[in-house]
Each structure stands twice: as C-alpha cells, then as structure tokens.
Amino acid sequence: MLRSSQPLTGPNRRRCREDELLLGTVLDEEERGFIIDTRSAQAAKQARMSGGGTEPKSFYPQWRRLHRPLERGRPLQESFIKLVEACNDSSISMDRWLSRLDSCRWLSHVKAALSTACLAAQCLDREKVSVLVHGAEGTDTTLLVTALAQLILEPSCRTLKGFQGLLQREWIEAGHPFHLRCAHSAYSHARLKQEAPLFLLFLDCVWQLSRQFPFSLEFSEHLLLTLFDSAYASAYGTFLCNSEKERCLCKVKESTHCLWAWLNQPGERKKYLNPLYTHNPLVIWPSVEPQSIQLWQGLFLRWIRSSQYLDEAWAEIQHLVESS
C-alpha cells in the first residue's frame, strides 16, 4: 500500500516521468493496481484548474482509478459542531434527538471512512494487488484510509505498541497538520478555514472497530479518549505543529516530553490495556451497515453522563482477568 498527494498534472495535463516510473516499478508486467482517490471525480477534475489533478490512464495503463469521496474540510467541521450541539441539548425530545443526529451526518462520515478503508484492505488481502491512496495534499483523508486499512489487516497494529507506531508513522511523521486541524474545536465561535476533525474521525472509526471486535484490540477506549484530549490540548509535544519540519524548527523534541514515553511507563501502561484482549491473527472486517455504526457515547456524552458504572465494570473485569 502506497500513499501520496495528488499528481500535479494541471490543465495542460503535464507528465511526471519519475512518478510514472516509480509506480511502474511497483507492478510486474502483467499486474494491475488500484488508485483510490478520496476526492469525487468532479473535485479531482476541478483541481486540474489550480495545478492538481489525477493520473491520466494513458500514462498509468496498469492502474485503475477509483473515486471514494471523503469530506475533509468545512462540511466535516460543521458536522462535528452540529453533533456536539445536539449532544449538549438536555431539553431535546427523542424524536428531535434522532432527527438532529441524522441531520448532522457524523455517523455517515464514519461509515464512509470505514467503507473506503475496507475497500483498500480488500484490494490488498483478497485481490492481492497494490493500492495507492491519495486525496489532495495526502495528509488528511489519505492518512485516515491508510491507517484504518492497516488496523483491519495487520494484527501488530492492534497492540498498544503497534498502535502507537501506526499513529507516529501514518499521522505525525506523514505530516497531518494537527495545529491547523485541531485549532479550536467545536466549542469555539471562530470558524477557521483549515479546521477539521480528521484525527477525531479516525479515533471514532477505531472505537467502532473496538466495539465490533472487543477481544481484538489490546488497547481500551481510555487510550482513544486520551489521544483525543492530547490532540486538542496536551502537556506533551507529540501532536504539536503541522509537520516534522516545523517540529524540528521549533525543537519540539528537545523542549517537550513525548506522549508515548509517558504512556509506556509500567504504571501508566496498565491503565490503557483492554483486559479482554486476545491475539487475533485474522483480518477483522467491520460491518458498515447503518445498524452497526453507533454514536461514540464515551466521547460525545462524556461531560453530561457519568461513566462511573462503566468504569467500575471494567475495573472488575480487569480484576477477574488478573486473578484467573
């Protein structure tokens, strides 16, 4: 599986022979590959007018392009804002709640992300073909799809250590602009152009996987909540800045502590483990049926509904596992 930004073909359909050669070396002479573009065909076509575009079939004859549009900007942020507003409205009726939950479309974004990740995983696992994933810059929906596909396919990514490595590789080092995307969150009156909860959407999708496969992920919901908090406000430098270049210029590693180092301390690590975890060497295929996608109550309702009883249940489960 490969990831990249969009090719810069532009309105004059410029060629990049180095790109063509690079993708050509991935495949043998008779092999075929898939390019999953996380933009709509129309959006990709419009991008040509500003210098972007897609891979022309004539120059990439062994690759088939599939468009699976995923929201990454203002529509996703507005969806997040509407969901938070609905969750915080304590006077809302059942019918009105269900209507607002549907109209915010957050769960539709979750379904779309999981569906696209499953497509990439199926190409790799069942079709045995190479896959290139890209959107516009390759630092948003591209990373969402590649990270989820690896979780679905690779058991090592479902361990606590492996998941940290996945985040470091696919989100931090790959250049997801955390500073821009997580600038203010849904509670701010400011509507910054670059703000969008892509990383939150990823964490929500991971939670959906953990709910559907409660024994297959070594880490618990508590880790996902901690990562959400750390992306928006953290005492650690792991999610600071927009790229590795910026982190180097700001000397983040020298001036701050690493979140992973803190999480991996023996006393802390235990708090984030799933006591029901059993190593599962198989691919985990999530259901994306509407009935299977649920609201992440542990996050979106965490400030208006006590988690006391759930926390006590998990503590009891952990105690039983340790004493058995």
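## A cavity inside

The structure holds 1 cavity of 30 Å³ or more. Here a cavity is a set of points, on a 1 Å grid over the protein atoms alone, where a 1.4 Å probe fits but cannot get out. The largest cavity has a volume of about 40 Å³, a volume being the space filled by probe spheres set on the points, with grid points joined across faces, edges and corners. This is a predicted model, in which local features need pLDDT of at least 70 and side-chain atom pairs count only at pLDDT 80 or more, while totals for chains, interfaces and linings use all residues. Residues are numbered from 1 along each chain as its sequence is written, and side-chain values use heavy atoms, with hydrogens and water left out.

Which residues line the largest cavity? They are Arg 72, Gly 135, Ala 136, Glu 137, Gly 138, Thr 139, Asp 140, Thr 141 and Thr 142, where a lining residue has an atom within 4 Å of a point. This lining divides into 1 nonpolar, 5 polar and 3 charged residues. In this scheme Ala, Val, Leu, Ile, Met, Phe, Trp, Tyr, Cys and Pro count as nonpolar, Asp, Glu, Lys and Arg as charged, and the others, Gly among them, as polar.

## The second largest pocket

A pocket, by contrast, is an open set of points with protein on both sides within 12 Å along at least five of seven lines. About 560 Å³ of space lies in the second largest pocket. Its lining is made of 25 residues, and Arg 39, Leu 70, Glu 71, Arg 72 and Gly 73 lie nearest its centre. The elements giving two or more residues to this lining are α2 (41-47), α5 (106-125) and α6 (141-153); helices such as these are DSSP runs (H or I, at least four residues), as are strands (E, at least two), and both are numbered from the N terminus.

The biggest share of the lining comes from α5, with 4 residues. Sorted by class, the second largest pocket is lined by 9 nonpolar, 8 polar and 8 charged residues.

## Pro 69 in its loop

Pro 69 sits in the loop between β3 (63-67) and α3. Leaving aside residues up to four places away in sequence, Pro 69 touches Asp 37, Thr 38, Arg 39 and Ser 40, contact meaning heavy atoms within 4.5 Å. The C-alpha atoms of Pro 69 and Glu 221 are separated by 28 Å, and these two residues are 152 apart along the chain.

## Helices α3 and α4

Two packed helices are described by the angle between their axes and the distance between the axes. Helix α3 (residues 74-87) and helix α4 (residues 94-104) pack at about 165 degrees, with their axes 8 Å apart. The axes are lines fitted to C-alpha atoms, for helices over the stretch in contact, and angles run from 0 to 180 degrees between N-to-C directions.

How do α3 and α4 run relative to each other, roughly parallel or roughly antiparallel? They are roughly antiparallel because of that angle, as angles over 145 degrees count as roughly antiparallel, those under 35 as roughly parallel, 65 to 115 as roughly perpendicular and the rest as oblique. From α3, Ser 79, Lys 82, Leu 83, Glu 85, Ala 86 and Cys 87 meet Trp 97, Arg 100, Leu 101 and Cys 104 of α4. The residues of this contact divide into 6 nonpolar, 1 polar and 3 charged.

## Helix α7 and its partners

α6 and helix α7 (residues 160-172) pack at about 155 degrees, with axes 10 Å apart, and are therefore roughly antiparallel. Their contact includes Leu 143 and Leu 144 of α6 and Phe 163 and Leu 166 of α7.

α7 also packs with helix α10 (residues 221-232), at about 25 degrees and with axes 12 Å apart. That makes α7 roughly parallel to α10. Leu 160, Phe 163 and Leu 167 of α7 meet Leu 223, Leu 224 and Leu 227 of α10. By class, this contact has 6 nonpolar, no polar and no charged residues.
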